[in-house]
Amino acid sequence: MGTQEYGADQIQILEGLEAVRKRPGMYIGSTSSRGLHHLVYEIVDNAVDEALGGYCDTIDVTINSDNSITVIDNGRGIPVGINHKAGIPAVEVVFTILHAGGKFGGGGYKVSGGLHGVGASVVNALSEWLEVDIYAEGKIYNQRYERGHVCYPLKIVGECEPEKTGTKISFLPDKTVFEETVFDFDVLKQRLREMAFLTKNLKIILRDLRPEDGIVEKTFHYEGGIREFVTYLNKSKTPLYEDVLYFEGKKDNVYVEVAMQHNDSYTESAYSFVNNINTPEGGTHLAGFRNAITKTFNDYARSAKLLKESEANLSGDDIREGLTAIVSIKIEDPQFEGQTKQKLGNSEARGAVDSVVSEQLTYYLEQNPTVAKQICEKSILAQRAREAARKARDLTRRKTALDGMTLPGKLADCSDKNPENCEIFIVEGDSAGGSAKTARSRATQAILPLRGKILNVEKARLDKIYGNAEIKAMITAFGTGIHEDFDITKLRYGKIIIMTDADVDGAHIATLMLTFLYRFMPELIKQGHVYLAKPPLYKLEKNKKTWYAYSDDELAAILDEVGRDQNNKIQRYKGLGEMDADQLWDTTMDPEKRILLKVSMDEEAESEIDLTFTTLMGDKVEPRREFIEANARNAKNLDI
Ligand code: TTJ
């Protein structure tokens, strides 16, 4: 501790920061890894504010070897003059008085709102130590704090070239506060890249000094700003047209920026930001955007005669099919709503975005009829698909309501009518399906053979999905209905068992099946009704005795026991089809002997799973294997 005298103001300061240390979660959300990384964003946000004001173009972030962080900007430097209200240098106010964060300078938009913008004092309170260096007027000023306490008054520690200005902050998060104190490079990388996209021309450097095999460094610098963000998001997809549409303008003191481009997929990915803060739940700015594009495209489609008078309007969903968009606004006093405060409430934002986008999109469509036509035609296709899907669904609904159910012809049903006793095997291929039908225990085991690979529901429109024979067969066999019609009490089998070959193709088919179940009847997975059968990989015969091995390790263990000699006859199974009915029963279907893997879903990680499935079933092949491996790790061994 320094030699400063403590007046009433100082005591108040300490009480403020003490409150932060007592209840850190109230200020930074949590003390988990998330909260830890939040400290960096708090500090970087201050430098980004300086960049938004046009005073700074480079921010340099370093993870030091001891897991402390250094952030440097080339802005004007935090003011070092005495703040008259507090009687101490302004920089000391910034670091020691709670909520002093965005109050300096005035004018411009502050990166603040939600959990953000609580200020540098919170980071200081939660750091073992924090040091600030300010480069201004040819001098280097410095002050150090420990757990929020001033170590010594602000002092001059050196000189620099008069042109050099900026702020340098280093801090070490307090190990007695955070459960996790090791920074994750990729987590910081993600957020800093996003920051750089959102602030065009700002250069952000992220450096990691920890790796023993050398420093890692990434630079994010996007002259195109959110235009490049859209290009980046569409990188693994095929854009429908070359342009990234970009609109920018200011209305009612709301600065609006929008970038958008359609790709050939069927899903919308729109991200919205307010003062560089992500609003995952959207809000008025996103509503304004959606309203503008729905209205503008309908107007255009009508006037260009792409949509006939007798035809219905395109819906917002139709127009947004395959749309990647960034909506980024800057507003002076953002109001966040909803349980998690992640939804913008300011009503002026709706009108501002609506008017900027309507006006400039109308102009763009007039100037670029080819692109305009491409988007309208895709939307019209989406509209037709939606209509066809509705009809197909109505049809299945009516069917289930009127004639009970017509079970699929390929299904060999079981005789027991109590679902708890029953299980259904979904079997890859007609030949394995035949063996399974012979092998099964008729009372309780039903068999549904599927031909070849089932439809990838991530890559098809709803009308095609509802029209697919294999999918229809599963839906009717299970009895539950799907989506909003789903009713678990109608489930006809307690266990749904996916039985595929123990090879890469089999794993792929199982993943396609799981994707379908996850998208259309997630409750089946959540409530533990879905299983993977585990056929053996090897058969070992010796002296008229037979062993089955379900993994290489298991085979090795059996060989250790029986000895390795020429009497061993080892067969490697390439598929279910190589087993006769008896073998299939013994190894894979007999409830007394088989291995089943239960498919589980971590409810908390639901959104992550969502993402996994999306990349998994997309165009790239590689992540799929990772998923299957991860899924195998999640699965629990049962019935063994
Ligand atoms: C405020 O208005 C007068 C000129 O300086 C303005 C200012 O505070 N600039 C400023 C603050 N630049 N950089 C910061 C800053 C940078 C980091 C990394 C951390 C903090 C808390 C502030």
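Helices here are DSSP runs of H or I with at least four residues, strands are E runs of at least two, and both are numbered from the N terminus. With that in hand, take helix α5, residues 120-125, which is where serine 121 lies. Before I go on, this is a predicted model, so local features need pLDDT of at least 70 and side-chain atom pairs count only at pLDDT 80 or more, while totals for chains, interfaces and linings use all residues. Residues are numbered from 1 along each chain as its sequence is written, and side-chain values use heavy atoms, with hydrogens and water left out.

Okay, back to serine 121. Is it buried or exposed? Buried, because its relative accessibility is 1%; the cut-offs are under 20% relative accessible area for buried, over 50% for exposed, and partly exposed in between, using a 1.4 Å probe and protein chains only. Serine 121 also sits 4.1 Å from phenylalanine 95, C-alpha to C-alpha, though 26 residues separate them in sequence.

Phe95 takes us to the core. Along with Val40, Ile59, Val61, Ile69 and Phe171, Phe95 has the most contacts inside the largest nonpolar core, which has 60 residues. By nonpolar core I mean buried Ala, Val, Leu, Ile, Met, Phe, Trp, Tyr and Cys residues joined through side-chain atoms within 4.5 Å. Helix α3 gives the most to this core, nine residues. And where does the core lie? Between domain 1 (8-221) and domain 2 (226-393), since both give residues to it; those bounds come from an automatic or database domain assignment.

Now the ligand. α3 (33-52) turns up again here: α3, β2 (69-73) and β9 (166-173) each supply at least two residues of the shell around the ligand, and α3 gives the most, with three. There are 14 residues around the ligand, and Asn46, Glu50, Asp73, Gly77 and Ile78 come nearest; a residue counts as near if one of its heavy atoms lies within 4 Å.

Let's look at some polar contacts, meaning pairs of N or O atoms within 3.5 Å. The side chain of aspartate 73 has an N or O atom 2.5 Å from a ligand nitrogen. For threonine 167, a side-chain N or O atom is 3.4 Å from a ligand nitrogen. With glycine 77, a backbone N or O atom is 3.1 Å from a ligand oxygen. On its own, the ligand has 500 Å² of accessible area, and the protein covers 87% of it; that's from the Shrake-Rupley method with a 1.4 Å probe.

Technical notes. A polar contact is a pair of N or O atoms within 3.5 Å; within protein, one must be able to donate a hydrogen and the other to accept it, and residues adjacent in sequence count only if both atoms are side-chain atoms.
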